[in-house]
Amino acid sequence: MREKKGDADARGDPRVTRTEPSESGPGFAVCLTHDVDRPYKTYQGLYYAAKSNPGYHLRTLLRRENPYWQFEEVMALERDLGVRSSFYFLNEPSLLETGSLSDWLEPKNWVEHLGRYDLDSASVATAVRDLDEGGWEVGIHGSFRSCDDFDRLRTEKRELEAVLGHEVVGGRQHHLKLGPNTWRYHRELGLKYDASPGSSSENGFQHGYRPFRPFDDDFVVFPLTLMEVSLPDPGSAFDEAWAECERLLDEAEANDAVMTVLWHPRYFNEDEFPGYRRLYRRIVERALDRGAWVGPVADYYREFLADRERGGSGDSDDDADERATDSATTDSATPGGAGRSLSP
């Protein structure tokens, strides 16, 4: 959110369902988000060293450098622009504690295990609290299996809130992974929104221009518009990458859309991912120049969607639950979308 908007007054009564999009609220908006998957560079150094520039990647491991720890850099950039964003923290369970024999034999579980971090470590806990105290949103990044595991998701929410010191408002599932009951779990646990539906390989407004209410109540879903990895590499094709971003901004502005942007923190490391920090800054600057509301998802939810008197759609609770199940299942099965895993 811009630090000096001066216009966050009453804005009507948004009715945000998949079949009844809002015509009120701030109009064109850009929600800024960051999934904290890997704040430490570990096994990825070997993975990338095998592909290119082995000297650099091995050096970052041997010298125990931490090029993925970009919290201060992101905060400084956004503070300079007068905005804030959402950071979603992952609490991936350790295979040493929960893994069965079949889990140990599954390579993708090792990828998740080797890259995990502890929320209650001194450095991560300090980052969580610094972000929160500075006006950034701290939300949950549900672990790989939590979309189908209510107890796991509840544990992750409770542990993050213990570090944070208060309840979280919402978050996004790891790998954008949704199951048929994920949104019900979120709602039952008291989360107010999910920001998972989207794709790591395609960008755009495939899920509509505005948030929607799958249960026709206060729980809201914010579709993902743009993930940085779906763009041409700005390090070698900055103009092409920016052209795609500008096209999305044009479409969002023309349709008074809520455009949700995901930039993983490690992509702010210019040594390893040149061009991505510059591209992110330009997106935010252009959105502000166009008069967009820019800020964290939780701030948008609180200012425009929470605790509103809304007319019912006439659906029963069973109808709403069935609609939410259909939406979540369809989203997670989208090719290249919610079920797609990212590279290390």
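Author: Let us begin with helix packing: axes are lines fitted to C-alpha atoms, for helices over the stretch in contact, and angles run from 0 to 180 degrees between N-to-C directions. Helices (H or I, at least four residues) and strands (E, at least two) are DSSP runs, numbered from the N terminus. This is a predicted model, in which local features need pLDDT of at least 70 and side-chain atom pairs count only at pLDDT 80 or more, while totals for chains, interfaces and linings use all residues. Residues are numbered from 1 along each chain as its sequence is written, and side-chain values use heavy atoms, with hydrogens and water left out.

Reader: At what angle do the axes of helix α10 and helix α11 cross?

Author: The axes of α10 (residues 234-254) and α11 (residues 276-289) cross at roughly 25 degrees and come within 10 Å. Angles under 35 degrees count as roughly parallel, over 145 as roughly antiparallel, 65 to 115 as roughly perpendicular and the rest as oblique. The helices α10 and α11 are therefore roughly parallel to each other.

Reader: Which residues of α10 and α11 meet?

Author: Contact means heavy atoms within 4.5 Å. Pro234, Phe238, Ala241, Trp242, Cys245, Glu246 and Leu249 in α10 meet Tyr276, Arg278, Leu279, Arg282, Ile283, Arg286 and Ala287 in α11.

Reader: At what angle do α3 and α11 pack?

Author: Helix α3 (residues 71-81) packs with α11 at an angle of about 25 degrees, the axes being 11 Å apart. Accordingly, α3 and α11 are roughly parallel to each other. In α3, Glu73, Leu77, Glu78, Asp80 and Leu81 meet Arg277, Tyr280, Arg281, Val284, Glu285 and Leu288 in α11.

Reader: Is glutamate 137 buried or exposed?

Author: Buried means under 20% relative accessible area, exposed over 50%, and partly exposed in between (1.4 Å probe, protein chains only). Glutamate 137 has 7% relative accessibility and therefore counts as buried. This glutamate 137 lies in strand β3 (residues 137-142).

Reader: How many helices and strands does the protein chain have?

Author: The secondary structure comes to 13 helices and 9 strands. Of the 344 residues in the protein chain, 55% are buried.
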